[in-house]
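User: Could you walk me through how to read the interfaces in this model? I'd like the general idea each time, then the case at hand.

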Amino acid sequence: MSQRVEASAASPHTGPISPTKAISLGWIFTHLLLLIALLVFIFPFYWMVSSSLKPLEDIYIVPVQFWPTRPSFNNYLEIAGLIPSDEIDFRGGVSLVRTFLNSTIIAVINTAGNVFLASLAGYAFAKLRFKGRNALFLSMLATMMIPNSVGLVPNYLIMAWLKWINTWYPLIIPGLATPFAVFWMRQYMTTVPDEMIEAARIDGCGPFATFWRVVAPVVLPGMAALAIFSFMGHWNAFMGPLIFLNKPELYTLPLFLAVLDSRVSGRPTPIHLIFTASFVSIMPILLVFLFAQRYFIAGLTAGSLK
Amino acid sequence: MGVVSTPSTLGPASIPPKSRYFIWEKAAPYVFISPFFILFGIFGAFPILFAIWISFQDWKSVRSSEYIGLKNYARLFTDENFHIALSNTVILGILVVPLMVILSLSFANVLNRPIRGRVIYRTAYFLPVVTSLVVVGILFDFLLGSTYSPLGSVMQIFDIEYKGFLNKPEFIKPAILIMILWRWVGYNMMIMLAGLQSIPYELYEAARIDGANGLQSFLNITVPLMRRVIAFAAILSTIGMFNIFEEAYMLVGTSGGVDRAGLLMGLIIYRQAFQSFNFGYASALAYANAVIIIVLSFLQIFATERAASE
């Protein structure tokens, strides 16, 4: 495929499409491949949305319905607990609305705390001089090589000793302090000119005022990218809730989705409701992504350093 | 924070020692990093060391354990599930990593050019990356596993009998492979795109004037200059393979599916820890996993640097 791709690699990276080679065999082939790939990437989403509009019988049917023949929003009303539902009753009346709210609370507290703590520490590491600065920073970076699975059991024991099982603390407190966030903010802080900080000090700003009034506004884009990255991580987090929560009223969205599955509940899987809840659960992130793509991609591809 | 408003027209250097301002100046860095380091110390750094101790213990309950030395590590050599999970993870990794690099570099290469609709393509290819892994697992469980999957209609066109792929052991790994590629190609594509944008256009121009064709400039300019970026993507995919949990959990469950064909490292660590409650053995498994990941990462870095110096 790369041969095709390179058929006109010599064209500028930006700039107008030159009309002379607008249509050629290579052009058609490239676009055909791109379109097929587009279809592959989009289809699962399409299937999820179209199934969310079908009653259960229309999903469990052969030949399959690519387009819903009797579309309705009943699934949305049912999963939100707005019309009577066996599935919701089975879970003690806990509906998607409740879990959506739970996920929002956890993700918002986490994101705000994470960005604030990381910015403070990142500022100190980037711009303030103190004993042990490099040693602390490097040892923090070194811990990033260790995969999260190593901390699973120790964290579980700590939470059990603190009597934090079946509360939100295990999902909120550890997530406030992540090395990646400090690393990310430090990188951003190093781009702030020293003269700016000097000037603020001369004008009488103390250390915190310098950080809060002068530096923080400058690194706002970095904070935004980190906030999106952090929010998405907590919104989608699954293993923590799976380990620490077993009261339905505390469930987060991913856990709610998982327990709808027959393997967990032992009841037939309400796949129509699962598709519906899945779509609702990814919608906030999709919307943020579509409107703030630049920050999103910056945060995520830098998140790759993790 | 009354100090903040202390009027001072002079620089910090001129503040007399022992004033409140001076002490705050000295203490500020430590005050700034301590909220982070206190939390990180307890829930991030300490658990890494604590896990070593845990792995030398046999746990009766959350509160009582007994020292058993290296027995948990010795068990790694006889545990069939560990061997299956390790070989499954390695086999999938050998397939995933090159395919991931080839696909993402190809997409990045095309979409780095002024092609009509490239913003739409980039956005669409990146969409799976922002989707929750649990939802990804749910979608692929249905699309590749259900009798009622639209895939059945496609199979019918080719007259292939279809009853879902996930109930046959030989199809479980390809299903996981497809799911991983679908979810992560867009992500690696963005990394590759960032790399491609740092290659000066003049290089391609010069190559073209020297009579190089597209393929030649790809092999002689793009690939060498992208070596580190490609290695970075490959290392990330390798690490990811050893850490996969959510998608696999939704797709094949902690049993690993039929014939344990989809049993992966992430699944057995979770299973030992929270289904069998073998905290000690689970920590030994997690450390074995960490060592494998770190060794593989260093090998890849070493290979890249060596290739670069030749």
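This is a predicted model: local features need pLDDT of at least 70, side-chain atom pairs count only at pLDDT 80 or more; totals for chains, interfaces and linings use all residues.

User: How many residues does the contact take from chain B and from chain A?

Analyst: Contact means heavy atoms within 4.5 Å. Here chain B gives 109 residues and chain A gives 114 residues.

User: And what area do chain B and chain A bury between them?

Analyst: The size of an interface is often given as the accessible area lost when the parts come together. Buried area is what two parts lose that way with a 1.4 Å probe, summed over both. Chain B and chain A bury about 9,700 Å², with 77% of it on carbon and sulfur atoms. On the chain B side, F32(B), F36(B) and F43(B) lose the most area to chain A, together 8% of what that side buries.

User: How many salt bridges does the rule find across the interface of chain B and chain A?

Analyst: The rule asks for a side-chain nitrogen of Lys or Arg within 4 Å of a carboxyl oxygen of Asp or Glu. It finds 1 salt bridge between the chains: E25(B) meets R201(A) at 2.1 Å, N to O. Helix α1 (residues 20-55) of chain B gives the largest share of the side that touches chain A, 21 residues; helices here are DSSP runs (H or I, at least four residues), numbered from the N terminus. That side of chain B divides into 80 nonpolar, 19 polar and 10 charged residues, where Ala, Val, Leu, Ile, Met, Phe, Trp, Tyr, Cys and Pro are nonpolar, Asp, Glu, Lys and Arg charged, and the others, Gly among them, polar.

User: Which domains does the assignment give for chain A?

Analyst: Bounds come from an automatic or database domain assignment. Chain A gets domain 1 (2-83) and domain 2 (96-303), with C-alpha centres 31 Å apart. Each domain puts 15 residues into the contact. They bury about 1,300 Å², and carbon and sulfur atoms give 81% of that. In domain 1, M48(A), Y76(A) and I79(A) lose the most area to domain 2, together 44% of what that side buries. The salt-bridge count across this interface is 0.

User: Which residues of helix α6 (residues 150-157) of chain B are buried?

Analyst: Buried means under 20% relative accessible area (1.4 Å probe, protein chains only). In α6(B) those residues are P150(B), G152(B), S153(B) and M155(B). They pack against α2 of chain A together with α5 (133-145) of chain B. Just after α6(B), D159(B) takes a positive phi of about 60°.

User: Last one: why does N75(A) count as buried?

Analyst: N75(A) counts as buried because its relative accessibility is 5%. This residue lies in helix α4 of chain A. Leaving out residues up to four places away in sequence, N75(A) touches S51(A), S52(A), L53(A), K54(A), H272(A), L273(A) and T276(A).

How values were computed. Residues are numbered from 1 along each chain as its sequence is written. Chains are lettered from A and ligands numbered from 1 in the order in which they are written. Side-chain values use heavy atoms; hydrogens and water are left out. Helices (H or I, at least four residues) and strands (E, at least two) are DSSP runs, numbered from the N terminus. Buried means under 20% relative accessible area, exposed over 50%, partly exposed in between (1.4 Å probe, protein chains only).
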